[in-house]
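The following note concerns the model shown below. Its points take up one chain and then the contact between two chains.

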Amino acid sequence: MLYDLRRADIRIKWLVTCLLATLGLSYVFGALMVALYAGFTPQRVAATYAGSEMSMAMPPETTMVMQHPMSMADFAKPEVHTVDLNLLIQDTHVHVPMYGLIAAALGLVVAGLSLPRRRAMGLIVVLFAAPWLDFAGMWLTKLASPRFAIATLAGGWAMGVGYLIVAALALHQMWLSHERS
Amino acid sequence: MNLLIRAVTIAALLHITPVVVLVKRPDAVHVLLPGADAYVAREVHLSAADAHRLHAAVDWSPEDGVLMFYGGTAGSTSVGALEFVRVDTPHGPIEVAVGFTPQGVVRGVVVTKATVEMKPWVLEAVAAGLTDHYRGLKPGGEAPGGAAGIASRVGSLAAYTAGEVDKGVARALAAYGAFYNHVRA
């Protein structure tokens with residue numbers, strides 16, 4: 001094979017290592033951001049993406065007012081971060097191209113690994129399918145049912161697991177394998 | 001490769017940064033409803049026709065078609081009302097709190113939230129006196145002109161952000177003018 005990371009020039013190995021380290025750092029902070037703004041349970045993800053839109057009634061025939069007393073403590077209550085339709089369009093527009101580029105970069109690393117062809121192809125499918133699943137879950141949670149929050153969680157975890165598999169294999173084959181040169 | 005580098009750069013530039021709290025809501029309430037010791041939340045559920053009217057006036061539809069006003073009283077005397085209005089910008093959302101006196105004029109404006117990216121622009125605009133330009137505005141009166149008022153003293157991004165705050169104040173004025181006192185609870 002022409003492109004084999006085990007036998008690649010040390011500069012290429014170093015480049016791939018730096019890429020993996022940088023992506024790893026961004027994934028750690030990505031996970032922290034998810035913890036802050038959406039959470040890791042289907043309930044919290046559903047609350048973020050489905051929001052009140054799932055239970056939104058039709059507008060009343062005439063404008064109505066409801067009043068209730070509030071205390072200062074009510075103003076201080078933490079708000080549930082919600083992503084409405086406009087923000088989800090914006091998020092999808094911004095994130096999907098970036099995820100595609102990350103999957104492509106990791107896919108190029110996979111192409112240089114010593115793996116059976118089918119496993120490599122499967123891994124590349126996981127790298128691209130995970131963000132699709134992530135965003136499909138968000139959209140289905142918003143438009144169809146909060147139950148699809150599980151798809152977002154599965155997609156997010158698949159992204160993390162896909163990265164870890166690629167990183168572990170690449171670092172092992174480049175720096176630890178006996179067959180390296 | 002060149003295309004890949006360009007695509008990565010564009011994607012990075014377009015990334016929306018997280019929202020941060022600039023002023024906590026209770027602090028904004030203290031500033032905009034001074035002396036209040038009791039509060040009431042007034043949810044105005046807009047009919048389709050009223051929602052359309054508001055949208056036509058200020059190019060805005062409140063989330064879920066519900067306007068939220070918060071009234072404050074000191075004893076039995078009203079000290080006014082306030083709204084928190086979100087403005088979605090290409091750089092992410094900002095939130096503007098607009099307080100009204102019992103006479104229905106703007107008492108003050110506080111920018112309560114912005115994205116990490118926009119925070120320095122908001123702070124620059126506010127330091128240049130942005131929110132002073134809104135005091136005394138009335139629904140149906142002069143349009144908010146905070147951005148024009150500070151344009152000569154701030155950078156282009158702070159002036160741009162001030163324009164977004166203007167939008168928030170215009171929305172609050174339109175909503176308050178049309179719906180705060182004109183719909184019975």
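1. Helices (H or I, at least four residues) and strands (E, at least two) are taken as DSSP runs and numbered from the N terminus. On that basis chain A holds 6 helices and 1 strand, in the sequence order α-α-β-α-α-α-α.

2. The model is predicted: local features need pLDDT of at least 70, side-chain atom pairs count only at pLDDT 80 or more, and totals for chains, interfaces and linings use all residues. Residues are numbered from 1 along each chain as its sequence is written, while chains are lettered from A and ligands numbered from 1 in the order in which they are written.

3. Of the 181 residues in chain A, 26% are buried (20 or more other C-beta atoms within 10 Å of the residue's own, with C-beta atoms placed from the backbone). Among contacts in chain A with a separation of 6 or more, 73% join residues 24 or more positions apart; a contact requires C-beta atoms, placed from the backbone, within 7 Å.

4. The contact between the chains draws 32 residues from chain B and 29 residues from chain A. On the chain B side, two or more residues come from each of helix 1 (2-14), helix 2 (25-32), strand 2 (38-45) and helix 3 (48-58). Strand 2 of chain B provides the largest share, 8 residues.

5. Strand 1 (residues 64-70) of chain A pairs with strand 2 of chain B in the antiparallel sense over 7 bridges; pairing requires at least two DSSP bridges between the strands. Within this arrangement, M70(A) stands opposite Y39(B).

Methods:
Two residues are in contact if their C-beta atoms, placed from the backbone, lie within 7 Å. A residue is buried if 20 or more other C-beta atoms lie within 10 Å of its own, exposed if 12 or fewer, and partly exposed in between; C-beta atoms are placed from the backbone.
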